[in-house]
Amino acid sequence: MKILVGITGASGSVYAAALLRRLAADGHDLFAVSSHAGEAVLKHECGLSPTDFPQVRWFDTDDLFAPVASGSFPLDAMVVVPCSMNTLGCLAHGISANLLQRAAAVTLKENRRLILVPRETPLTLVDVDNMRTLLLAKAQILPAMPAFYHAPQTLDDLVAFMTGKILHSLGLSQHCFPEWNGVSRNERIRTSGT
């Protein structure tokens with residue numbers, strides 16, 4: 001697949017890093033654009049920069065002449081992870097102030113898969129209304145809310161869960177966490193005798 005990953009300045013850039021690594025390892029054709037704040041948060045939270053992802057073609061957020069700014073550029077999907085409430089609000093109201101927002105707007109208008117991974121709490125009514133608007137526009141909202149049924153032991157396990165959910169939403173197989181099989185961890189322990 002040809003996939004564009006957008007990274008905004010919301011906390012949670014660890015999700016973007018994990019997704020880029022997984023998609024690169026699976027051999028997908030990867031592109032990325034980060035807002036200025038997104039790049040700063042990636043550095044602050046993960047100690048990473050775009051040069052740490054050599055398999056990814058990065059575009060400058062101020063370059064509105066980049067290929068991903070046009071619907072004629074054949075992308076299969078775009079994931080905005082993490083998605084700030086500012087970016088979410090701009091997308092809900094048709095504002096394209098930078099390349100990330102423009103590429104997401106193009107993804108919507110071309111009826112391509114757009115997955116938004118907001119990472120904010122608590123939410124305001126404005127945030128919820130913006131999500132509703134984007135859902136009606138056929139975007140998928142995938143809040144960064146890791147689950148615990150797979151008995152995570154580390155922070156990486158929680159990040160892997162969200163990575164797997166994003167891959168699933170892209171229509172890709174995921175091996176980041178065990179899928180639910182109807183048996184709880186405690187029940188597995190009891191039946192195994194350990």
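Mentor: A charge patch is made of residues with over 30% relative accessible area and no salt bridge, like charges being joined within 9 Å. A salt bridge is a side-chain nitrogen of Lys or Arg within 4 Å of a carboxyl oxygen of Asp or Glu. Asp and Glu count as negative, Lys and Arg as positive, while His and the chain ends are not counted. Each charge is placed at NZ of Lys, CZ of Arg, CG of Asp or CD of Glu. Areas come from the Shrake-Rupley method with a 1.4 Å probe. This model is predicted: local features need pLDDT of at least 70, side-chain atom pairs count only at pLDDT 80 or more, and totals for chains, interfaces and linings use all residues. Residues are numbered from 1 along each chain, and side-chain values use heavy atoms, leaving out hydrogens and water.

Trainee: Which residues gather in a patch of negative charge here?
Mentor: Glu39, Asp60, Asp62 and Asp63 do, on the surface. Glu39 lies in helix H2, residues 36–46; helices are DSSP runs (H or I, at least four residues) and strands are too (E, at least two), numbered from the N terminus.

Trainee: Is Glu39 buried, exposed or partly exposed?
Mentor: Buried means under 20% relative accessible area, exposed over 50%, and partly exposed in between. Glu39 is partly exposed because its relative accessibility is 39%.

Trainee: How many disulfides are there?
Mentor: A disulfide is a pair of cysteine sulfur atoms within 2.5 Å, and the count here is 0. For Cys83, the nearest cysteine sulfur belongs to Cys90, 9.7 Å away. Cys83 is buried, at 0% relative accessibility, whereas Cys46 is partly exposed at 25%.

Technical notes
Patch = residues over 30% accessible without salt bridge, like charges linked within 9 Å, V, L, I, M, F, W, Y side chains within 5 Å. Buried < 20%, exposed > 50% of the residue type's maximum accessible area, 1.4 Å probe, protein only.
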